[in-house]
Amino acid sequence: MVSNRNKASIKGKKRILLLFGFLAFVLVILTLRTAWIQIVRGEEYTDIAVDQQTSDIAVDAKRGMIYDRNGGVLASSTTCYNVWVRPAQINEEYEGAERTQLETDMAEVLDMEISDVKEYFDSQNVLIKMARHIDKETADKVRALEVDGIELAEDTKRLYPLGTTAATVLGSVNDDGVGRSGIELTYNEYLSGVSGRKVFDKDINGNLLAFGDRLSYDAKNGFNVVLTIDEVLQHYMDESVEAGYKETEAERVAGIAMDPKTGEILALSIYPTFDPNDPLEPADTKELEKFNELTDDEQIDYLNNMWRNQLVSDVYEPGSTMKLITASATLEEGLATPDSDYYCPGYLFVGGYELHDAENNAHGHQTLTQAVGNSCNPIHAQMALDLGYESFYKYIDLYGLDGRTGIDYPGEGYPIVQNKDNIGPVELATMGFGQGIAITPIQLITAIGAIGNDGTLMRPHLVKSLTDSEGNVVIENEPEEIRKVVSASTAREIRSIMESQVEFYGGTSFKIPGYRMGGKTGTADRASEEGGYEEGVIDTSFISMVPIDEPEAVVLVVCYGPKKGEYATQTALPIARNFWMKALPYMGIEPTDSTESFVEGGEYAYVPDVTGMSFKDAVGTLEAYGLKYQIRPSLEEGESLEELDFTVMDQYPKAGKRIEKDEFVYLYRE
């Protein structure tokens, strides 16, 4: 019989064994868990620990500047500040009424809702950005609050000092400083640079440890972009296009100026436009009213269209400006001379259809030069038929009208050219006078530019070079010849025909006394997406060169859907003339007969537009016109003309007024 003492001893041993077994089981579990943490997930937890113990802050690179061809600043990056919050430290340091007051103060300084400030303070993030791109004045107010857990980090913000000037060319950047459109988008990789980093050890509140490790990787600033754009010519184009938009009540007006010898774009303007400093709304007051009445989706569509560069991205039927291409091909192929005789009864029968002149005019006997001057549809239809499918399409290809130009700008559109194997004589004939073919304006000005360059086609471009922060050229865009399109003699003959258009035919209102000028009008019905043409909607254009013997620039103006004025002579042509009136003296283009240019009998002159120019540029322009000037307010004691540097805010008399040369033009400054 087992005694009670032995029974107790056995039970005790069992309990010990059970306890030992349980402890052994727990030890095994803990060992396995430790092995899992240290071996299987060791690397992951190490990263988490490093993350908690170190602060890794990006150091933004300074975005490169954008300059015009003469070094004028079109886009820069200005210093601003970002506000960072360490919520854990805020919650530890501030409670109750003190916390409430802090939320109120921060909301007032940063112009935020108190609820939004509270949300940042309650965040679970170790470090969170509370506000971005605040100015120095606001940053100083934040510093003055002396808040533990609030930090200021220096940053950069994109600034466009000339506002709407060249807005379409420049484009804009988004809130993160990344190119959204235009040159900012095309050259974003070069402009952005490479961000740096600052890494340092920290405590639980994010404070820097006195003896912690620190690493710093300097940011590499972006390259600067030097454009082919001339700021002054751009200003003239902007003014001319805006005035034309308001005068014609068009849907949109666009103008572009190009050096035909290099392919450099000197000015490019579209209106309505926007201010890149605030690209999310139109700059025009009336357009802004319309914009504010749109739905959210409609506003998005509006903005996309506003940022869009129709000169590069959108196609249109060129109308009669295409006749220069048809005529040049006819001359180059030896099918006619400028004096060859044609006969126009007012129509041409082709493939069972009767193709009429735009005004149903019967021009009768006329030379090729006169046919272009009269903008005769039947004769140009006949020229296309005489050329035939192969030859006509050969010149479409040579002039680059069947493909993109390759301009250094995003979103270039593709032309719409019918396949020559699928068309009949009617389609060929209508293309001869600019219908049934759709091209981009940049294609047209590039093609006509070849005529201004003695038959050599150049690639259009907007960027001259890229430079580093020291101004050293890193990449240079040399003018690029594409191919020879027509002979120099043919190009000269077409330029002579363009001059006749201005001297004797539909372009006479373009003439500026003393200058040899050439141009060609174009008026075309707008093609409908459903087929056929939109009833009552036209697009007009005018392309011009000055001086016609050795063109310094070729200019194309397009009016989309003008409501006032049915023809290019009433819409696009006056806009082009307005531009040339201002540009000629600035470009230093001397008149053939100096006694005629802007002057009657040598005693009078027409006042140029110098508003918005620098004082020195304004004086130079006025001197080119033979005019005197005075400054208002007058010079104060101690001021000298040689040291003056201001922008002309206004002038009197206004541009275009005829005055005697002895009269003064008053230049107003702030």
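Biologist: In this predicted model, what makes E503 count as partly exposed?

Modeller: Its relative accessibility is 33%. Buried means under 20% and exposed means over 50%. The value for E503 falls in between, so E503 is partly exposed.

Biologist: Why is the contact of E503 and K511 called a salt bridge?

Modeller: The side chains meet at 3.1 Å, N to O. The cut-off is within 4 Å, so the pair qualifies. K511 has a relative accessible area of 23%, so K511 is partly exposed too.

Biologist: How do you know that D549 and R516 form a salt bridge?

Modeller: Their closest N and O atoms are 3.9 Å apart. That is within 4 Å, so the pair counts. D549 sits in the loop between strand 22 and strand 23. R516 sits in the loop between helix 19 and strand 21. They are 33 residues apart.

Biologist: Is E264 called buried or exposed, and why?

Modeller: E264 has 7% relative accessibility. Buried means under 20%, so E264 is buried. K464 stands at 25%, so K464 is partly exposed.

Biologist: What makes K464 and E264 a salt bridge?

Modeller: Their N to O distance is 3.0 Å. The limit is 4 Å, so they pass. K464 lies in strand 18 and E264 in the loop between strand 9 and strand 10, so the pair ties together parts 200 residues apart in sequence.

Biologist: How many salt bridges does the whole structure hold?

Modeller: A search finds 24.

Definitions and conventions:
Residues are numbered from 1 along each chain as its sequence is written. This is a predicted model: local features need pLDDT of at least 70, side-chain atom pairs count only at pLDDT 80 or more; totals for chains, interfaces and linings use all residues. Side-chain values use heavy atoms; hydrogens and water are left out. Helices (H or I, at least four residues) and strands (E, at least two) are DSSP runs, numbered from the N terminus. Buried means under 20% relative accessible area, exposed over 50%, partly exposed in between (1.4 Å probe, protein chains only).
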